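Have a look at the chain first, and then read on.

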Amino acid sequence: MTTAAQITIPLPALPAGWSGDKDFKAVGRLSGATQRSIEPVGPHFLAHARRSRNNRTFSEDDRIQAQENAKKIEDGDESDVSEPEDPMMLQLQAKDWKTQDHYKVLGLSKYRHKASEEQIKKAHRKKVLKHHPDKKAAVGATEDDQFFKCIQKATEVLLDPVKRRQYDSVDEEADVEPPTKKQLQKGDFYKLWSKVFKAEARFSKNHPVPTFGDARATKEHVEDFYNFWYNFDSWRSFEYLDEDVPDDNENRDQKRHVERKNANARKKKKAEDNARLRKLLDDCSAADERIKRFRQEANAAKNKKRLDKEAADRRAAEEAQAKKEADDKAAKEAEEKAKAERESSKKAKEAAKNAVKKNKRVLKGSVKDANYFAAGGDASAAHIDAVLNDVELIQGKIDPDEIAVLAGKLNGLTVAGEIKAVWSGEVKRLVDAGKLKDGEAQTMQ
């Protein structure tokens with residue numbers, strides 16, 4: 001049973017220069033002191049209870065706990081199934097460490113580049129407890145320590161961020177091969193290719209990496225995905241495969257030669273990897289039904305736009321043709337109407353002219369019927385000329401309508417006196433109107 005201990009905690013000293021008058025403002029009164037019991041909680045309570053139950057000191061409990069933790073590591077964590085060791089892997093030589101699978105050596109094949117630092121350390125402890133030369137010697141084993149050195153080298157590489165990045169750059173075991181035609185016929189196209197690009201995404205410098213999506217992905221999503229991958233910026237450097245540079249400072253030419261050789265090899269591998277990724281994208285996009293659908297939709301929209309434009313152009317041409325025909329028809333009708341009007345006007349003018357001629361003949365005929373107003377017997381030529389001249393004079397002073405009126409008055413008259421009276425009245429009217437001077441047309445008065 002736990003016991004309570006009373007602890008006295010003194011109040012801290014006031015800072016120098018502190019004044020209660022200017023630096024302190026009371027907002028209430030302090031309550032009285034209360035005695036409370038403080039008990040450990042959480043892992044500290046459990047440790048306290050364990051020590052009290054087993055009557056252990058702090059150092060004894062820490063030592064026993066360390067032994068139990070080591071035993072748990074050696075036996076393996078029940079929540080993490082250990083990866084079985086390949087007997088052939090135990091034949092690895094330390095000098096061939098560059099060609100060994102570091103993740104497999106530590107039993108982390110299923111994690112690989114996703115393995116955390118804690119998982120690597122834990123796997124290392126388990127492997128060391130199992131393959132340490134001292135432990136094997138204690139049980140009478142005679143194997144050498146080559147595999148143990150491989151374990152140490154794998155741990156060294158994977159716990160160093162730079163070396164691990166270089167190793168992950170060439171780790172082909174983490175690659176996912178593109179699906180075959182047979183696999184695509186049986187499986188889901190989008191799931192199969194999605195696994196491939198998820199594996200490749202670990203080399204991207206830019207994040208987040210667009211997902212492959214499924215059949216329902218939008219055109220913008222698919223375009224963003226392929227644009228990202230066709231412009232993929234990879235951090236793969238292939239330095240892990242470099243040939244070792246000699247440390248002999250005396251042979252500088254050889255050192256520079258090896259460095260140039262490594263640089264050229266890395267450049268070549270980088271180009272090959274870019275070509276591999278480009279072919280991967282070409283194969284994927286060529287079989288991607290979404291791209292085919294988007295192209296068909298784009299072509300359909302393009303064709304529709306073209307057909308709409310052709311229809312609009314055709315309508316515009318038809319409307320222009322109809323307008324031209326209407327304009328031509330209107331112009332023709334206007335021309336025919338104008339022609340008819342001209343002909344009608346011409347006929348009217350000719351009719352008016354003929355009427356004037358007829359009326360003038362009536363006027364001349366009237367004086368002839370009146371024997372040119374001679375007093376008796378036949379009129380002399382001079383008298384006839386004088387009368388006709390007066391007729392011409394009067395005709396020249398009046399318009400066609402007045403000629404028609406005068407002709408109407410004279411038409412049908414046969415008596416010379418009546419005829420002369422009509423002429424005399426016309427002369428008087430013209431004199432009164434100022435169209436004739438007094439004394440003109442003497443033969444008509």
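## Salt bridges, domains and overall shape

The structure holds 37 salt bridges, a salt bridge being a side-chain nitrogen of Lys or Arg within 4 Å of a carboxyl oxygen of Asp or Glu. Side chains of opposite charge can pair when their charged atoms come close. Before going further, please keep in mind that this is a predicted model, in which local features need pLDDT of at least 70 and side-chain atom pairs count only at pLDDT 80 or more, while totals for chains, interfaces and linings use all residues. Residues are numbered from 1 along each chain as its sequence is written, and side-chain values use heavy atoms, with hydrogens and water left out.

| Pair | Kind of link | Distance |
|---|---|---|
| Lys-104 and Asp-86 | salt bridge | 3.7 Å, N to O |
| Asp-244 and Lys-98 | salt bridge | 3.9 Å, closest N and O atoms |
| His-124 and Gln-152 | polar contact | 2.7 Å |

Now for the overall build. The secondary structure comes to 16 helices and 0 strands, both taken as DSSP runs numbered from the N terminus (helices are H or I, at least four residues; strands are E, at least two). The radius of gyration is 64 Å, well over the 22 Å that the globule rule gives for 445 residues, so the chain is more spread out than a compact globule. That radius is taken over C-alpha atoms, and the globule rule is 2.2 Å times the number of residues to the power 0.38. Along the principal axes, the C-alpha atoms fill a box of roughly 190 × 80 × 55 Å.

An automatic or database assignment sets the domain bounds, dividing the chain into domain 1 (51–173), domain 2 (174–287) and domain 3 (357–433). How do domain 1 and domain 2 meet? Contact here means heavy atoms within 4.5 Å, and 14 residues of domain 1 are in contact with 13 residues of domain 2. The count between these two domains is 1 salt bridge. Across their interface there are also 11 residue pairs in polar contact, both residues at pLDDT 80 or more. Helix α8 (residues 161–169) gives the largest share of the domain 1 side, 5 residues.

A polar contact is a pair of N or O atoms within 3.5 Å; within protein, one must be able to donate a hydrogen and the other to accept it, and residues adjacent in sequence count only if both atoms are side-chain atoms.

His-124 sits in helix α5 (residues 117–131). Leaving aside neighbours within four places in sequence, His-124 is in contact with Leu-106, Ile-151, Gln-152 and Thr-155. From His-124 to Gln-152 is 28 residues in sequence and 7.9 Å in space, C-alpha to C-alpha.

The peptide bond from His-207 to Pro-208 is cis, with omega near 0 degrees, and Pro-208 lies in the loop between α10 (189–200) and α11 (219–230). Asn-55, a residue other than glycine, has a positive phi near 55 degrees and is found in the loop between α2 (42–54) and α3.
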